[in-house]
Amino acid sequence: MQRIAKFSVVSLKEFSSAYVGADVESVYSSIRVPERATTGSAGYDFYTPFDVRLAPGESVKIPTGIRARIAEGWVLQVFPRSGLGFKYRLMLNNTVGIIDSDYYYSDNEGHIMIKIYNGGDKEVNIPGGTAFAQGIFMQYGITEDDAVTSSRNGGFGSTDK
């Protein structure tokens, strides 16, 4: 297997600017770096650092406290965990999260935020420390005549500004 990325935790300052809740230092200290469950797993599990309660039709943005340094030519795709989608119809608001390799260098330290939506008919409770999403690294190509030279500084929707 080719090793092409490294997860790390954003600074407390960055996490504090994204997290809306009490006891930020305690929540910050509980952040878990994504990991695979088995040697055959493609996905790296992302864990919610705090309890999440979602009523039917409700969505919430979860600041994971995680960033990923990714080799050029690779992307991290984020999906909901299969079990949560199957049992509760929990999904990502943007269907698939795309974390580009240059996002790591943004002003927000490349802080990965995952917005989930409860499309089911029951309230969903996700205790802090529970795996709720999974990230899979994928290699990609570009066209022969690609001449892009611009760089990013931001997250959601920032590359078309």
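Two strands count as paired here if DSSP finds at least two bridges between them. Strands are DSSP runs of E with at least two residues, helices are runs of H or I with at least four, and both are numbered from the N terminus.

A quick word on what we're looking at. This is a predicted model, so to speak of a local feature I need pLDDT of at least 70, and side-chain atom pairs count only at pLDDT 80 or more, while totals for chains, interfaces and linings use all residues. Residues are numbered from 1 along each chain as its sequence is written, and side-chain values use heavy atoms, with hydrogens and water left out.

Okay, the overall picture. The protein has 3 helices and 11 strands. Reading from the N terminus, the order is β-α-α-β-β-β-β-β-α-β-β-β-β-β. The C-alpha trace spans about 50 × 35 × 35 Å along its principal axes.

On burial: 38% of the 161 residues count as buried. Buried means under 20% relative accessible area, exposed means over 50%, and partly exposed is in between, with a 1.4 Å probe and protein chains only. The accessible surface comes to about 9,700 Å², and carbon and sulfur atoms own 49% of that; the areas are from the Shrake-Rupley method.

And contacts, meaning heavy atoms within 4.5 Å. If you take those between residues at least 6 apart in sequence, 75% join residues at least 24 apart.

Now the sheets. Which order do the strands take in the sheet of 4 strands? It's β2-β11-β6-β8, an open sheet with antiparallel pairing. β2, residues 44–47, and β8, residues 97–100, are at the edges with a single partner strand each, so one side of each is left without a neighbour in the sheet. Neighbouring strands are turned by 30° against each other on average, direction ignored. For that, axes are lines fitted to C-alpha atoms (for helices over the stretch in contact), and angles run from 0 to 180 degrees between N-to-C directions.

Let's walk across it. β2 and β11 pair antiparallel over 4 bridges, and Tyr44 stands opposite Gly135 in β11. Next along, β6 and β11 are antiparallel with 7 bridges, where Leu76 faces Phe137 in β11 as its opposite number. Then β6, residues 74–80, is joined to β8 by 4 bridges, again antiparallel. The partner of Gln77 in β8 is Ile98.

Is Asp45 buried or exposed? It's buried, because its relative accessibility is 10%. Leaving out residues up to four places away in sequence, Asp45 touches Pro34, Glu35, Ala37, Arg81, Ala131, Ala133 and Gln134.

There's another open sheet, of 3 strands, ordered β4-β9-β7 and also paired antiparallel. Twist from one strand to the next averages 30°. β7 and β9, the latter being residues 113–118, pair antiparallel over 3 bridges, and Met91 has Tyr117 in β9 as its bridge partner.

Most residues other than glycine have a negative phi. Asp23, though, has a positive phi near 55°. Asp23 is in the loop between α1 (12–18) and α2 (24–29), and with 52% relative accessibility it counts as exposed. Arg89 also has a positive phi, about 60°, without being a glycine; look for Arg89 in the loop between α3 (82–88) and β7.

And Thr143, in the segment after β11 (131–139). Thr143 is exposed, at 52% relative accessibility. Its side chain makes a polar contact of 3.0 Å with the side chain of Asp145. By polar contact I mean a pair of N or O atoms within 3.5 Å; within protein, one must be able to donate a hydrogen and the other to accept it, and residues adjacent in sequence count only if both atoms are side-chain atoms.

That's my tour, thanks.

Conventions. Accessible areas come from the Shrake-Rupley method with a 1.4 Å probe; for residues, only the protein chains shown count as cover.
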